[in-house]
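Please open the structure in your viewer and keep the selection tool at hand.

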Amino acid sequence: PADLIGDRLKEDVLEQKGRLQRLVAKDVQPPDPASIRVLRGHQLPVTCLVISPDDRFIFSASKDGSLIKCKWEVESGKRLCVVPGGKKGTEEQHMGHASHILCMAISSDGKYLATGDRNKLIMIWDADTCKRLHIFTGHRDAVSGLSFRKGTHQLYSASHDRCVKVWNVAENAYVETLFGHQDVITGLDSLSRECCVTAGGRDGTVRLWKIPEESQLVFYGHQGSIDCIQLINEEHMVSGADDGSVALWGLTKKKPLALARQAHGMQDAQGLQQPYWISAVAALRNSDLLATGSHSASVKLWKCGEGFRKLEPLWDIPVVGFVNSLKFSAAGDFLVAGLGQEHRLGRWWRVKEAKNSICIIPLKRRATAP
C-alpha cells in the first residue's frame, strides 16, 4: 500500500502541474441512446448545471420565471431540493433569484454553490442544505460566468459588464476587479492556479488572467462570438464559438493548436447555410476527452490528438434542443447535458420538440488490459 500511496501522491503532483494526461478517449464506446436518463422538472430551458465533486449530485438552473434552482441525486434521479424564485426586486424577501440564472459553480470541497443571474447578482449557497448564505453585488450587468479556484474558496466571476471580479466566499469579501475585454464576457473557468480564463464574445478573444501579476494574455482564433470555454488541464483549454468552430489552445501560444470548423455541421437558416453554433464545451479534466454541444440534435465526443494538436471526432450522442451546459463527472463515467428549447443567452430560435431537461449520459469504456 505504501507504494500505491506514493504513486497516488506522484499522480496528484503531476495533476496539479497539468502534466498528467489520462488517455481515455480511445477506450470510450459509443453511448447507447436507450441508456440516457432524462430528468424533468424545469419548465423553461436549463441554462447551467454543475456536478458535486463526489459525483453524487447535480445542481441545475433555468430561465423559469420563478427561477427554480434544483438539486438532483444522480443515482436515483430524485429532485432533493428546489429553491423557488420571485419577482424582480424581491430577492431579499425570499431565497431565490428573481431573473434568469446564467451560470453556477461549486467549490472543490463541495461546500459552497455560487449562482449568477441577469440581474447582476451572485448568490452563495450551502450546497448541502440549499440555504442561501450571502449575496454579492458589484457587477453592473448580467453575471455570465463563475468558477471557484480549485482547493480554495476564492471565486471568480465574469459579467456582460466586460470585467472579471475576484471574491473570498469564506469571508463574504470582495477582492478586486480586472478589466480588458472589449465585449460581454460569455464564459469563465479556472483550476488550481491563481488565474482564470474567459471567453470574450464578439471581441473575438480568449483571455488568461494572472491574478497576482494583474496581467492578462490575449488569444485570437475564432471568427465569430466566442460563447463557451473550459480548461482541460493547467496548460490547455477548449473554446467554442457561434461560427461553428471548436478550438484547442495551449496557454503559451497565441493561436489555437487545433481548430475544428463547422464542428456540428451546417444548418439551413432562412435559406442561408450557416454553421450550427457551439453553445457548450466540456473537458474531462486532465484527459484527452472533450464534449461539445449545439442545437444540431447531438452532443459530440472528441479525442484530443497528441500534444493537443488535433481534434478527432469520436461519437455523436442524440439529444434534441439547445445544449446549454455540459459537464463530465469527475470519474469520467457519465456526462450531463442541460437542454432547452432556447439558447441560454437569448431567444433567437426555438426548438419546439425539445424538452427542457437534464440528460445523464453514461460513458462506458472498453476493458483495457491491466
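The stops that follow concern a predicted model.

**Stop 1: the nonpolar core**

Begin by selecting Leu-326, Phe-328 and Leu-335, the residues with the most contacts inside the largest nonpolar core, which has 22 residues. Next, colour the strands β24 (280-283), β25 (289-293), β26 (298-304), β28 (322-328), β29 (334-340) and β30 (357-362), each of which supplies at least two residues of this core. In soluble globular proteins, nonpolar side chains tend to be buried together.

Which residues does Leu-326 touch, leaving aside those up to four places away in sequence? The list comprises Ala-280, Val-281, Ala-282, Ala-291, Thr-292, Gly-293, Val-299, Leu-335, Val-336 and Ala-337.

**Stop 2**

Now select Ser-62, which belongs to strand β3 (residues 57-62). Is Ser-62 buried or exposed? Its relative accessibility is 0%, and therefore Ser-62 counts as buried.

**Stop 3: salt bridges**

Side chains of opposite charge can pair when their charged atoms come close.

Select Glu-342 and Lys-63 first. Their side chains form a salt bridge with an N to O distance of 2.9 Å. Glu-342 lies in the loop between β29 and β30, while Lys-63 lies in the loop between β3 and β4 (69-73), so this pair ties together parts that are 279 residues apart in sequence. Both Glu-342 and Lys-63 are buried.

Proceed to Glu-235 and Arg-193, whose side chains also meet in a salt bridge, at 2.9 Å from N to O. Glu-235 is located in the loop between β18 (226-231) and β19 (236-241), and Arg-193 in the loop between β14 (187-190) and β15 (195-199), so parts 42 residues apart in sequence are tied together by the pair. Glu-235 counts as partly exposed because its relative accessibility is 23%. Arg-193, at 35% relative accessibility, likewise counts as partly exposed.

Finally, select Arg-207 and Asp-203, which form a salt bridge in which the closest N and O atoms are 3.9 Å apart. Arg-207 has a relative accessibility of 8% and so counts as buried. Asp-203 also counts as buried, because its value is 16%, and the limit for that class is under 20%.

**Stop 4: a four-stranded sheet**

Display the backbone for this stop. Strands of a sheet pair through backbone hydrogen bonds, either parallel or antiparallel. In what order do the 4 strands of the open sheet stand? The order is β6-β7-β8-β9, with antiparallel pairing. At the edges stand β6 (101-106) and β9 (132-136), each with a single partner strand, so one side of each is left without a neighbour in the sheet. On average, neighbouring strands of this sheet are turned by 20° against each other, direction ignored.

Within the sheet, β6 pairs with strand β7 (residues 112-117) over 5 bridges. Select Met-104 to find Thr-115 of β7 standing opposite.

**Stop 5: a hairpin**

Close the tour at β4 and strand β5 (residues 79-83), which run antiparallel and are joined by 4 bridges. Select Trp-72, whose bridge partner in β5 is Arg-79. Then select Gly-77: in this hairpin, with 5 residues between the strands, Gly-77 takes a positive phi near 75°.

Methods:
Residues are numbered from 1 along each chain as its sequence is written. This is a predicted model: local features need pLDDT of at least 70, side-chain atom pairs count only at pLDDT 80 or more; totals for chains, interfaces and linings use all residues. Side-chain values use heavy atoms; hydrogens and water are left out. A nonpolar core is a set of buried Ala, Val, Leu, Ile, Met, Phe, Trp, Tyr and Cys residues joined through side-chain atoms within 4.5 Å. Buried means under 20% relative accessible area, exposed over 50%, partly exposed in between (1.4 Å probe, protein chains only). Contact means heavy atoms within 4.5 Å. A salt bridge is a side-chain nitrogen of Lys or Arg within 4 Å of a carboxyl oxygen of Asp or Glu. Two strands pair if DSSP finds at least two bridges between them. Axes are lines fitted to C-alpha atoms, for helices over the stretch in contact, and angles run from 0 to 180 degrees between N-to-C directions.
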